[in-house]
Amino acid sequence: MDRMYRRQRHIYDASRKFYLLGRDAMIADLRPPAGGSVLEIACGTGRNLVRLARTYPDIRCFGLDVSTEMLETAGRAVTRAGLRGRIRLAQGDATAFDPEALFGRNAFDRIVISYALSMIPPWRAALGEAAHRLAPGGALHVVDFGDQHGLPDAARRVLNRWLGAFHVTPRGDLPAILADMGRHPPWHATVRQKFGGYAVHGVIARDARTI
Ligand SMILES: C[S@@+](CC[C@H](N)C(=O)[O-])C[C@H]1O[C@@H](n2cnc3c(N)ncnc32)[C@H](O)[C@@H]1O
């Protein structure tokens with residue numbers, strides 16, 4: 001990851017805003033409780049964390065990423081935004097991390113995974129790990145590439161080849177897996193796809209009233 005992002009991180013936010021769709025809608029939908037905690041797993045440049053902290057001025061934010069290069073950029077973004085007191089960053093692997101060791105807490109009111117499962121080979125493990133870090137009443141929000149059901153074959157082929165150059169593999173079964181999680185207690189799920197399955201936004205919660 002570090003090798004890939006060493007240079008890309010400098011143009012990351014400007015270039016990705018055109019195709020990492022649905023991130024701001026997810027942030028608007030998050031609605032953490034007053035004074036609550038929000039963890040972004042695989043936070044990248046910190047773009048979402050800064051928006052989260054600005055959108056919800058009384059929450060505390062936490063971000064982890066496996067790439068020290070991305071974390072360096074995120075640290076600068078947080079400092080520039082004057083949010084060092086409210087956003088903490090740490091290096092960690094989405095598939096196995098100890099939030100107590102990283103942040104001094106075991107659970108979070110909201111957890112966000114944005115366009116990262118498509119880069120993590122054992123993405124199902126990352127999903128399970130995140131769900132188990134939810135505080136009572138918490139919700140996990142996932143936004144990523146969807147199942148592409150409405151895209152013409154040619155567009156799908158071009159898109160996936162292009163994403164592959166960035167080590168991104170859309171998980172075609174992600175919407176179905178999220179929906180299936182919601183059929184197994186204690187989980188509830190809502191799954192919405194946009195733009196013919198280009199993007200998916202799934203919410204997993206223990207309490208149906210949270211989603
Ligand atoms: C496409 S970027 C998305 C960044 C951010 N979430 C956003 O929406 O802008 C994917 C991020 O996942 C991180 N990543 C990849 N594999 C990871 C892993 N196993 N654990 C934690 N982070 C990982 C990368 O370093 C990168 O910062």
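Start your tour of this predicted model by selecting Phe166: this residue is partly exposed, with a relative accessible area of 22%. Turn the view until you can see both rings. Trp162 and Phe166 make an edge-to-face aromatic pair, with 5.5 Å from centre to centre and 80° between the planes. The count of aromatic pairs comes to six. For another aromatic stop, select Phe62, Phe103 and Phe108, which form one cluster.

Next, go inside. Show Leu30, Leu52, Cys61, Ile87, Tyr115, Phe145 and Tyr198: these have the most contacts inside the largest nonpolar core, a group of 30 residues. The largest share, four residues, comes from α4.

Stay with Phe145 for a moment. Which residues is Phe145 in contact with, leaving aside its neighbours within four places in sequence? Among them are Tyr19, Leu20, Tyr115, Leu163, Pro170, Tyr198 and Val200. Then pick out Phe103, Trp123, Leu127 and Val200, which belong to a second, separate core of 28 residues.

On the α3 side, select Arg23, Asp24, Ile27 and Leu30; on the α4 side, Arg47, Asn48, Arg51, Leu52 and Thr55. Colour this contact by class and you will find three nonpolar, two polar and four charged residues.

Definitions and conventions: Residues numbered from 1 in each chain as written. Predicted model: local features only at pLDDT ≥ 70, side-chain atom pairs only at ≥ 80, totals over all residues. Heavy atoms only, no water. Core = buried A, V, L, I, M, F, W, Y, C linked by side-chain atoms within 4.5 Å. Buried < 20%, exposed > 50% of the residue type's maximum accessible area, 1.4 Å probe, protein only. Helix = DSSP H or I, 4+ residues; strand = E, 2+ residues; numbered from the N terminus. Contact = heavy atoms within 4.5 Å. Nonpolar A, V, L, I, M, F, W, Y, C, P; charged D, E, K, R; others polar. Phe/Tyr/Trp six-rings, centres within 6.5 Å; stacked < 30°, edge-to-face > 60°.
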